Structures are given as C-alpha cells and as structure tokens.
Amino acid sequence: MAEYLLLFHNTPGVLQTRKALQAAGITFRVQDIPRTLRGGCGLCIRFHSAASEVSQWRIPDVTQAIYRCEGEHFVQVS
C-alpha cells in the first residue's frame, strides 16, 4: 500500500470525500496542501491505499487530482 493525496476544487468536496472514507472505514487525515502542489481549496486528504483501489476515491467534478507520495515528492496519478 502506498500513501496518496486527494486534491479538491472546493471545501465541500473535501467534506463529501471525508464522509465517504469514514463510511468505508479508511484511515485518513485532512491537511493543508503541500507547498510544492497547488489546489483549488488549499486542503487535501492524505491516506493509504492499494494502487488498484485509489481511483475509486476520485469523484467527478469534486476531486481535482490524485498524487502518490514518495517521501517529499509527489507523483500525479490522476
């Protein structure tokens, strides 16, 4: 399992995704977007997932981007 960041267009998107992750029993944290990235609302959700499952958390018109965390670097996967 790898660590991923979800970036959002707006704050309601963070809330919507947070509720979905909670319902699925996924451990996550909401935090400010790392300085090296840019995002619409300034918040992101950080969580661990298998690569084959991470795209299920992308919500059309809500999720701006998905990044895989590699130490202090981030690789966009979606």
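1. A residue counts as buried when its relative accessible area is under 20%. By that cut-off, 38% of the 78 residues in the protein are buried. Note that this is a predicted model.

2. Secondary structure. The protein has one helix and five strands. Along the sequence they run β-α-β-β-β-β. The radius of gyration is 11 Å, close to the 12 Å from the globule rule for 78 residues, so the protein is as compact as a globular protein of that length. The C-alpha trace spans about 30 × 25 × 20 Å along its principal axes.

3. Contacts. Take the contacts with a separation of 6 or more: 64% of them join residues 24 or more positions apart.

4. Main core. The largest nonpolar core holds 13 residues. Within this core, L6, F8, I45 and F47 touch the most other members. At least two core residues come from each of β1 (2–8), α1 (11–23) and β3 (43–49). The largest share, three residues, is from β1. In soluble globular proteins, nonpolar side chains tend to be buried together.

5. F8. Which residues is F8 in contact with, leaving aside its neighbours within four places in sequence? The list includes G13, V14 and T17. It also has G39, G40, C41, L43, C44 and I45. V62, T63 and Q64 complete the set.

6. Another core of nine residues lies apart from the largest one. Among its members are L5, I33, L37 and C44.

7. Surface and charge. The accessible surface is about 4,700 Å², and carbon and sulfur atoms account for 47% of this area. There are 8 positive and 6 negative side chains. The centres of the two sets lie 5 Å apart.

How values were computed
Residues numbered from 1 in each chain as written. Predicted model: local features only at pLDDT ≥ 70, side-chain atom pairs only at ≥ 80, totals over all residues. Heavy atoms only, no water. Helix = DSSP H or I, 4+ residues; strand = E, 2+ residues; numbered from the N terminus. Rg over C-alpha atoms; globule rule 2.2 N^0.38 Å. Buried < 20%, exposed > 50% of the residue type's maximum accessible area, 1.4 Å probe, protein only. Contact = heavy atoms within 4.5 Å. Areas by Shrake-Rupley, 256 points an atom, 1.4 Å probe, with all protein chains shown as cover. Lys, Arg positive; Asp, Glu negative; His and termini not counted. Charge placed at Lys NZ, Arg CZ, Asp CG, Glu CD. Core = buried A, V, L, I, M, F, W, Y, C linked by side-chain atoms within 4.5 Å.
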